[in-house]
Amino acid sequence: MNSSCLGQDRLVGSVKAARRADRKMWSTTGHSRGKWLWRIAELHCVLILCFFSGCTASYKQGDNVTLYVNKVGPYHNPQETYHFYTLPVCRPEKVHHKSLSLGEVLDGDQMAESLYHIQFRENVEKRTLCHLSLTEQQVDQLREAIEELYYFEFVLDEIPFWGFVGYLEESGFLPHSHKVVLWTHLDFNIEYNGDTIIFANVSVKDVKPVPLEEGAGTGVGGVGVGGHGLTVTYTYSVHWFESPLPHSRRGERFRDYSFFPKTLEIHWLSIINSLVLVVLLLGFVIIILMRVLKNDFARYNVEEEGSCEDLDQGDNGWKTIHTDVFRFPPYKSLLCAILGVGAQFLTLATGIILMALLGMFNVHRHGAINSAAIALYALTSCVSGYVSCSFYTQINGQRWVWNIILTSSLFSAPLFLTWSVVNSVHWWSGSTQALPATTVLLLLGAWVLVGFPLTVIGGIVGKNRAGNFQAPCRTRNIPRQIPTQPWYKQATVHMAIGGFLPFSAISVELYYIFATVWGREHYTLYGILLCVFAILISVGACISVALTYFLLSGEDYRWWWRSVLNTGSTGIFIFVYSVFYYRNRSSMSGPVQSTEFFGYSLLTAMVFSLMLGSVSFWASLAFIRYIYCSLKMD
């Protein structure tokens with residue numbers, strides 16, 4: 001086979017050659033040394049881009065094109081997958097597996113070479129793949145797989161395509177007909193442009209299936225029934241079609257593929273509806289709040305003379321608690337850890353969306369987003385350490401080492417616990433989603449050698465660069481008594497309001513995200529996703545400011561934790577929605593799929609809570625500083 005990843009081998013060779021020339025490079029002049037360093041950096045950048053976006057494979061007519069078999073599983077349980085060769089199908093004497101990336105392993109891929117012999121631009125008509133003598137147990141295994149709507153996934157030139165193992169036909173009531181048939185012939189339809197492959201799929205149209213019922217006799221389609229087993233003959237055909245699409249646009253052809261039902265259509269009407277509602281909501285909050293604040297400032301600043309200690313005499317409202325509003329909260333370390341991890345996930349989410357918008361994720365390349373998310377999570381650990389330890393130092397925190405440890409484990413510990421349970425269930429069921437020991441050690445090494453050290457480095461830098469906490473008013477030694485609050489100012493009511501409004505802003509897009517993660521869709525509307533993400537952050541910040549104002553107007557200065565919980569409760573609504581999606585919008589079932597769905601849905605809700613809690617806190621802090629700086633105090 002002459003196919004090669006264009007430029008990749010050449011780039012790898014160039015990098016190795018550049019490394020071999022290191023000694024020579026360091027003995028050259030400074031100008032030459034700079035040119036060598038620039039060339040090596042450029043080559044590494046190209047390799048990284050090639051890793052995320054995939055390389056172009058070129059073929060000559062007659063070249064062998066490797067078809068990889070990947071996995072099988074129940075149609076309605078996307079995360080319950082098994083190796084293709086666990087079924088009694090045609091397989092080579094020695095199975096050769098493809099080297100996989102980290103993202104592909106996390107996606108449950110186990111690609112192995114198949115017996116299908118496909119040559120570039122060479123048509124094949126009904127070639128025999130193999131003859132199989134199936135035992136009674138193997139027939140029962142195939143029948144059970146077909147009754148559970150098992151589908152298979154093949155990969156050709158980084159293009160995944162799918163088909164069903166067989167199909168189930170039930171009709172009538174009395175008498176009831178239950179017919180299970182097996183597809184023994186596959187038609188491969190491959191599109192090409194020049195020397196590259198554009199698209200591939202598999203078809204069983206115009207092919208007569210083979211019944212698997214006992215006592216069917218010697219049937220057509222290469223099935224013989226004898227004793228307690230079957231003799232099956234598998235065949236295949238290959239048809240090549242020329243395509244006008246260039247290789248750079250083959251993702252468009254992939255998006256038009258409709259093996260799975262299409263639900264991710266352009267949903268501009270729903271997005272515009274959400275956008276209008278959000279704009280009206282934000283406008284209402286901002287206008288009303290600014291009018292109220294304007295009246296407050298006019299009332300509080302009538303008397304320009306007087307000291308800061310006299311402002312609370314004969315008055316009420318948020319002005320009277322100016323000596324307590326900046327009193328540091330309890331559980332400082334936990335609060336700062338939440339702010340730090342929330343800032344990390346904000347950076348991570350923004351980075352993933354921007355990388356997707358820049359086209360760095362090839363829709364054909366398995367697990368590219370998974371690999372990028374893991375790499376970014378490890379690299380952005382410095383953000384969490386810096387934000388957490390910096391603010392912890394500002395609010396007079398003393399145990400900064402413990403703060404760094406808490407920050408690094410606040411999300412990683414629940415993630416490891418959830419993954420341990422989910423992976424154990426997958427391992428028990430024999431699913432390909434169970435990670436091998438080498439991948440587990442790789443992920444653990446990434447956290448131990450990259451994530452945790454960067455958290456420590458970020459924490460040390462944040463501690464050393466942290467200044468004093470900027471408070472417009474002094475804080476008294478004795479805290480002020482907080483009056484009894486009405487029911488509509490209780491924490492649960494504010495959490496319900498603060499959680500529901502951001503959730504309503506993303507509820508439409510949330511369905512499509514769930515359909516992508518837990519379904520069969522490939523999400524490509526990253527521009528809309530960025531808009532929705534910006535709307536979510538804006539709504540969370542504005543709602544937090546409004547709720548914080550209502551809290552302070554009741555002379556309650558315990559806003560620190562309340563601001564985090566106000567919009568952080570959005571995670572609760574997201575988890576409730578995940579339960580609704582599981583019961584009413586999906587056909588998922590079984591312990592394997594249920595464990596993974598609810599485990600990772602709980603982690604997703606936690607991520608949203610941390611992100612929005614961090615946004616809510618910083619918005620409230622900026623608002624409080626603004627209103628108290630605007631008071632005329634001597």
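This is a predicted model: local features need pLDDT of at least 70, side-chain atom pairs count only at pLDDT 80 or more; totals for chains, interfaces and linings use all residues.
**Stop 1: strand β9**

Select residues 150-156, which make up β9. Seven of the seven residues of this strand are buried, so β9 is largely enclosed by the rest of the structure. Now show the side chains. Tyr150, Phe152, Phe154 and Leu156 point one way from the strand, while Tyr151, Glu153 and Val155 point the other way.

**Stop 2: the partners of β9**

To find one place where they meet, pick valine 69; its bridge partner in β9 is phenylalanine 154.

**Stop 3: the turn and aspartate 157**

Move to the hairpin of β9 and β10, which has two residues between the strands. Aspartate 157 takes a positive phi there, near 55°. With a relative accessibility of 11%, aspartate 157 falls under the 20% cut-off, so it counts as buried.

Which residue forms a salt bridge with aspartate 157? Select arginine 250: the closest N and O atoms of the pair are 3.1 Å apart.

**Stop 4: other salt bridges**

The structure holds seven salt bridges. One of them joins aspartate 324 to arginine 327, with the closest N and O atoms 2.5 Å apart. Both aspartate 324 and arginine 327 are buried.

Then select aspartate 556 and arginine 558, another salt-bridged pair, in which the closest N and O atoms are 3.0 Å apart. Is aspartate 556 buried or exposed? Its relative accessibility is 1%, so aspartate 556 counts as buried. Arginine 558, by contrast, has 49% relative accessibility and counts as partly exposed.

**Stop 5: a negative patch**

Select Glu144, Glu147, Glu148 and Glu170, which form a negative surface patch. Glutamate 170 is found in strand β11, residues 166-171. Its relative accessibility is 46%, so glutamate 170 counts as partly exposed.

Terms used: Residues are numbered from 1 along each chain as its sequence is written. Side-chain values use heavy atoms; hydrogens and water are left out. Patches are made of residues with over 30% relative accessible area and no salt bridge: like charges are joined within 9 Å, nonpolar side chains (Val, Leu, Ile, Met, Phe, Trp, Tyr) within 5 Å. Accessible areas come from the Shrake-Rupley method with a 1.4 Å probe; for residues, only the protein chains shown count as cover. A salt bridge is a side-chain nitrogen of Lys or Arg within 4 Å of a carboxyl oxygen of Asp or Glu. Lys and Arg count as positive and Asp and Glu as negative; His and the chain ends are not counted. The place of a charge is taken as NZ of Lys, CZ of Arg, CG of Asp or CD of Glu. Helices (H or I, at least four residues) and strands (E, at least two) are DSSP runs, numbered from the N terminus. Buried means under 20% relative accessible area, exposed over 50%, partly exposed in between (1.4 Å probe, protein chains only). Two strands pair if DSSP finds at least two bridges between them.
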